[in-house]
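Here is a quick tour of the model, from the strands to the metal site. Have the viewer open while you read.

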Amino acid sequence: MKKVLTVETTSRTQLIDITRQVEKAIQSEGIDDGICFLFVPHTTAGITINENADPSVKADILMVLNKIVPWKEAYQHLEGNSPAHIKASIIGASEFIAVEGGRLRLGTWQGVFFCEFDGPRKRKIYVRVV
Ligand code: ZN
């Protein structure tokens with residue numbers, strides 16, 4: 001199975017829970033079991049798995065990333081979005097998750113988050129289940 005999901009971000013930095021969107025894509029293909037590979041084809045965005053029960057967790061993740069990667073620094077990249085590139089590399093561009101019974105085999109408190117670091121933009125996530 002191969003699919004492309006789209007996400008429209010609304011802020012410069014933002015974590016968006018895409019767990020249901022990914023599961024819907026898997027279920028629409030009638031897939032029951034496998035390995036789901038998620039890949040973000042962008043240099044200023046990423047993907048991560050973390051708690052989706054308490055929304056303050058994603059706010060804290062962004063707060064700390066913004067602290068350790070300041071907006072103003074002696075960056076050389078002329079486009080002016082080096083902090084976004086650095087955060088994308090810290091977070092990473094892919095995740096693997098087991099699929100069981102048409103659902104992502106996540107822990108009770110886990111969700112899959114698309115991570116925007118240079119929004120707002122229209123973004124893509126490649127989904128493959130093997
Ligand atoms: Zn750039």
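Predicted model: local features only at pLDDT ≥ 70, side-chain atom pairs only at ≥ 80, totals over all residues.

In what order do the five strands of the open sheet come? The order is β1-β8-β3-β5-β6, with antiparallel pairing. Two strands pair here if DSSP finds at least two bridges between them, and the elements are DSSP runs numbered from the N terminus: helices are H or I with at least four residues, strands are E with at least two. β1 (2-8) and β6 (103-104) sit at the edges with a single partner strand each, so one side of each has no neighbour in the sheet.

Residues are numbered from 1 along each chain as its sequence is written, and side-chain values use heavy atoms, with hydrogens and water left out.

Helix α1 packs on that sheet, touching β1, β3 (34-39), β5 (94-100), β6 and β8; contact means heavy atoms within 4.5 Å. In α1 (residues 19-28), the buried residues are T19, V22, E23, A25 and I26, buried being under 20% relative accessible area, exposed over 50% and partly exposed in between (1.4 Å probe, protein chains only). Down the helix axis these buried residues fall within an arc of 155°, so they line one face of α1; the arc is that of the directions from the axis to the C-beta atoms. Just past α1, G30 has a positive phi of about 70°.

| Strands | Bridges | A facing pair |
|---|---|---|
| β1 and β8 (residues 122-129) | seven bridges | V7 and R123 |
| β2 (residues 14-17) and β7 | four bridges | D17 and F113 |
| β4 (residues 45-51) and β7 | seven bridges | N50 and G111 |

β7 (residues 110-116) has six of its seven residues buried, so the rest of the structure largely encloses this strand.

Now the metal. H77 (NE2), E79 (OE), N81 (OD1) and H85 (NE2) coordinate the zinc ion at 1.9 to 2.2 Å. Donors are N, O and S atoms within 2.8 Å of the metal (3.2 Å for Na, K and Ca), and water is not among the atoms, so sites may look incomplete. In sequence the donor residues are spaced H-x1-E-x1-N-x3-H. Two of them have accessibility values: H77 is partly exposed at 36% relative accessible area, and H85 is partly exposed at 23%.

Notes:
Axes fitted to C-alpha atoms, helices over the stretch in contact; angles between N-to-C directions.
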